[in-house]
Amino acid sequence: MKNKINKIIMLLIVLILIATILNIFSYFSKKELKELSLNNYVKIESVNTSPDTIYLITQCHVITMMPTRDQIYSIQGGLEDRIEFRPLTHDLMKSIFDVFKIEGIMAKITDYKDGVYFANLILKRGNKILNIDSRPSDAIAVAVRLDKPIYIKEDLLKYGLKFC
């Protein structure tokens, strides 16, 4: 009798472990896991600005972008942790994320068409992944404020300057 009870307990433990493992794998949908994937992406090691250009630096490439001066000013403010007398748009976004417990995960520069880069801002709220279509300058400005990584699709490095 005691041996039978032990077998039942072991079977219950195994079933609980299987259910736990299945729950972990179903925590994010396949679409959300794809959005989180960094396959074919390269990390931006450094973001720098000049009055009219953003420089995204990887280990061997520099990608340049030329958004508006306001966007560059906002990115520079985020890089310097500068707080203005009144909040800028990206500061406001950070405050909203804080209030609604939205966590930044990363910014991804995903495409380049007709001279225009495209990006996504990847956020998390609870157990939901949010993939927000964004201009790269906005995604970068938010990512630097949240101290989150920025990635660029490897295929897009050909539009930059290789230095190693």
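Predicted model: local features only at pLDDT ≥ 70, side-chain atom pairs only at ≥ 80, totals over all residues.
Trainee: Just after α5, which residue takes a positive phi, and about what value does this phi have?

Mentor: Helices here are DSSP runs of H or I with at least four residues, strands are runs of E with at least two, and both are numbered from the N terminus. Just after α5 the residue is D147, whose phi is positive at about 55°. Another helix, α4, is followed by K101, with a positive phi near 55°.

Trainee: How many helices and strands does the protein chain have, and what pattern do they follow along the sequence?

Mentor: There are 5 helices and 9 strands in the protein chain. Along the sequence, the order reads α-α-β-β-β-β-α-α-β-β-β-α-β-β. If one takes contacts (heavy atoms within 4.5 Å) between residues at least 6 apart in sequence, 56% of those in the protein chain join residues at least 24 apart.

Trainee: What share of the protein chain counts as buried, and how many residues of α5 are buried?

Mentor: A residue is buried under 20% relative accessible area, exposed over 50%, and partly exposed in between (1.4 Å probe, protein chains only). Of the 164 residues in the protein chain, 34% count as buried. Helix α5 is mostly covered, as 11 of its 11 residues are buried.

Trainee: Which residues of α4 are buried, and which are exposed?

Mentor: An α-helix has 3.6 residues a turn, so residues three or four places apart point the same way. In α4, which spans residues 89-99, the buried residues are H90, D91 and F97. They lie on the same side of α4 because their arc around the axis is only 120°, an arc being taken over the directions from the helix axis to the C-beta atoms. T89 and V99, on the other side of α4, are exposed.

Trainee: Let us turn to a single residue. Where is N120 placed, and is N120 buried or exposed?

Mentor: N120 sits in strand β6. N120 counts as buried because its relative accessible area is 15%.

Trainee: With which side chain does the side chain of N120 make a polar contact, and which residues does N120 touch?

Mentor: A polar contact is a pair of N or O atoms within 3.5 Å; within protein, one must be able to donate a hydrogen and the other to accept it, and residues adjacent in sequence count only if both atoms are side-chain atoms. The partner of the N120 side chain is the side chain of N131, at 2.7 Å. Leaving out residues up to four places away in sequence, N120 touches M106, A107, K108, T110, N131, I132, D133, S134 and A139.

Technical notes
Residues numbered from 1 in each chain as written. Heavy atoms only, no water.
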